[in-house]
Amino acid sequence: MRLASAIRTRSALPLLSLALLLLLIFALQPRAMTYRGLGLLLGFSAPVVLATLAQMFVMTVGDLDLSIGPFIGLVACIVATLPAISPLLTVAALVAGVLAYMAVGALISWRRLPALFVTLGLSFVWFGIAIIVRPNPGGEAPEWVENFINLQTPVAPIQLWIVCVVGLAGYFILQHSKQGLLLRAAGGGAVALQRAGWSVPRARVLAYGLAGVLGVLAGLALVGITTSADPDIATRYTLVSIAAVVLGGGEFSGGRVSVPGSIAGAYVMALADSLLAFMNVPADWQVAAQGLILLVVLALRAFLRSAP
Amino acid sequence: MINSATRLSSRLNSPRWLWSYIAAGAAWVAIILVGGNASEAASAALAFAAFTAIASIGQMLVMTVGGGSVDLSIPSAMTLGAVLSMKVMGGEGYLIPMGFAAAVLSGGVIGFANAMLVRWLRVPPLIATLGSSLVVLSIAIAIGHAIKGSPPAALAEAVQMKAIGFPVVSVIAAALAILVGVGLERTLLGRTLCATGQNDRAAALAGLPVWSARLAAYTLSGALAGFAGALLAAYSGGSSLDLGSGYLLLSIAVVVIGGTKAAGGEPAVAGVVGASLFMFLLVSFLNTVNTGAGVRILLTGLVIIAVVSGNAESKAR
């Protein structure tokens, strides 16, 4: 009984899934436990986790962001292309991107638009601009970005440190600040929030702004890892990030999300491929793993919830 | 209800789907104005819009269920339909019907499974169809790697033909659209589907077969996607593993631009066809004036945002 109720806390199930996944990976390939092994294992994890946190903030206010993947792709294209022309222009473009995100949040809130379809349109906008910025794959990441993401940090690889720092910051913003309370309230009970004299549009602008900032960070990390960019580079992050937040115990209705859960969910999505590779599963079937894990964890959650 | 009364009047005054045809007409006139080959552009747009329209009609049915329902498994169902049909046909003309049957059946099974997942796991349709799409894509990749599928010569020739002056694929798409449109208006399941999207509790309390309508919408969506995939493979000279990937967001975009209500309950089949045409006429217009793909995609996005904002405005009035 007590076990069942402990598992029912929001972030327990994703953390348990992640632990199980890591246990299997380490059992199959003990060298993955070394510093170098961990670095290889976590290859592209930082951008995925940052994208997931961006999605989590939008989902906190009860919306869904279908444009985060293409936005990260656009950031990567900007960072791999514009610094050669003008560093100032690069910074201006990234700031404009975050401001555009906030403007969309305001538009959705004030006109009461369905976020799913506005961000669907927005995804085309980001992708179109990315193609204009970088018509063909290539470009070059600025040296400092590349050096930073390849930094040899003590104890754990740099990507893990990035996730720790950003994750902690996200946790404090969401759970221990007045702004975070506003965000969660906007998703959980927008009407009550409004009656209490608070501003729902402000919460939404804040959520989209945070998503924009995290998207910029994810794009920087991504272009540092790949050293070049193309507009399509991060498209699949959209769906992966939604899946990761839901795996992490987040609810579509808003208000209820979990930072540790979302991070664990993102790692589960990112590591599923590695596990299957270690198990010598043919590459053809590795795509299925993410889908199956998603469905199994959700089935488990539905089962635990309906259990007395 | 005042709300439904005003909605009815606004539907009578200017059907939302009409706008997609006005936009498509404007794009066509623009092509002529800049000196493009109008009949060639129209013919090409009709052919390519056909595949989009067929897949998007299924998306429209799922979105009509309401409650934020979308089918993200359409691209995977299309790819699997393409791969399976080419495998079953194996280049033999007499197996063509079997190939299409396999594609439609596999799509139907995927759609049926999606509906069951939504019901059993009680997860949002978005997540259930995302999970199933990954599994289906894997199956398609596993099958598709082993074979180099190209259509039988007779089929490849047939889909390129014209019927009464129109590309035959566009005639097929139009026929399917009419069939679905009539089905939505005239059958119990069709009416139930619309009622479910407007208010599923009221529909259930009125004794309508709500669950059957949902199941039918998802199953049909999968089946149409499978068919569209097979047809596209036949048209483009064979199946490829990324055949469906462009249709994920495109199918939703076409439905929204076509005037189907995003919140569900009000489908617009004619709008899906019109919006598909508009999309491809816009492509050929921008190609004629030598704009890059970037500008075209950017414009598509702005159109979607404008349409969504416009729909919300008419609701507020």
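How much area do chain A and chain B bury between them, and what part of it lies on carbon and sulfur atoms? I started there. This is a predicted model, and I read every value below as computed from it.

**Entry: the interface**

I looked up the area first. Chain A and chain B bury about 3400 Å² between them. Carbon and sulfur atoms carry 85% of that.

Next I noted the residues in contact. Chain A gives 38 residues and chain B gives 44.

**Entry: polar links across the interface**

I looked for salt bridges between chain A and chain B and found 0. I then looked for polar contacts between the two chains. The count is 1 residue pair, with both residues at pLDDT 80 or more.

**Entry: the chain A side**

Which helices of chain A each supply at least two residues of the side that touches chain B? I noted α7 (115–133), α13 (237–247) and α15 (286–306). The largest share comes from α7(A), with 14 residues. I also sorted the residues on this side by type: 29 are nonpolar, 7 are polar and 2 are charged.

**Entry: two helices in chain B**

I turned to a helix pair inside chain B. Helix α8 (residues 168–186) and helix α11 (residues 210–235) of chain B have axes that come within 12 Å. These axes cross at roughly 170°. Angles over 145 degrees count as roughly antiparallel, so α8(B) is roughly antiparallel to α11(B).

Which residues make the contact? From α8(B), I listed Val169(B), Ile172(B) and Leu176(B). From α11(B), I listed Leu224(B), Phe227(B), Leu231(B) and Tyr235(B). By type, the residues of this contact are 7 nonpolar, no polar and no charged.

**Entry: salt bridges**

I went back to salt bridges, this time over all chains. The structure holds 3. I followed up one in chain A, where the side chains of Asp63(A) and Arg204(A) meet at 2.8 Å, N to O.

Where do the two partners sit? Asp63(A) is in the loop between α4 (45–60) and α5 (68–81) of chain A. Arg204(A) is in helix α12 (residues 200–226) of chain A.

Notes
Residues are numbered from 1 along each chain as its sequence is written. Chains are lettered from A and ligands numbered from 1 in the order in which they are written. This is a predicted model: local features need pLDDT of at least 70, side-chain atom pairs count only at pLDDT 80 or more; totals for chains, interfaces and linings use all residues. Side-chain values use heavy atoms; hydrogens and water are left out. Axes are lines fitted to C-alpha atoms, for helices over the stretch in contact, and angles run from 0 to 180 degrees between N-to-C directions. Helices (H or I, at least four residues) and strands (E, at least two) are DSSP runs, numbered from the N terminus. Angles under 35 degrees count as roughly parallel, over 145 as roughly antiparallel, 65 to 115 as roughly perpendicular and the rest as oblique. Contact means heavy atoms within 4.5 Å. Ala, Val, Leu, Ile, Met, Phe, Trp, Tyr, Cys and Pro count as nonpolar, Asp, Glu, Lys and Arg as charged, and the others, Gly among them, as polar. Buried area is the accessible area (1.4 Å probe) that two parts lose on being put together, summed over both. A salt bridge is a side-chain nitrogen of Lys or Arg within 4 Å of a carboxyl oxygen of Asp or Glu. A polar contact is a pair of N or O atoms within 3.5 Å; within protein, one must be able to donate a hydrogen and the other to accept it, and residues adjacent in sequence count only if both atoms are side-chain atoms.
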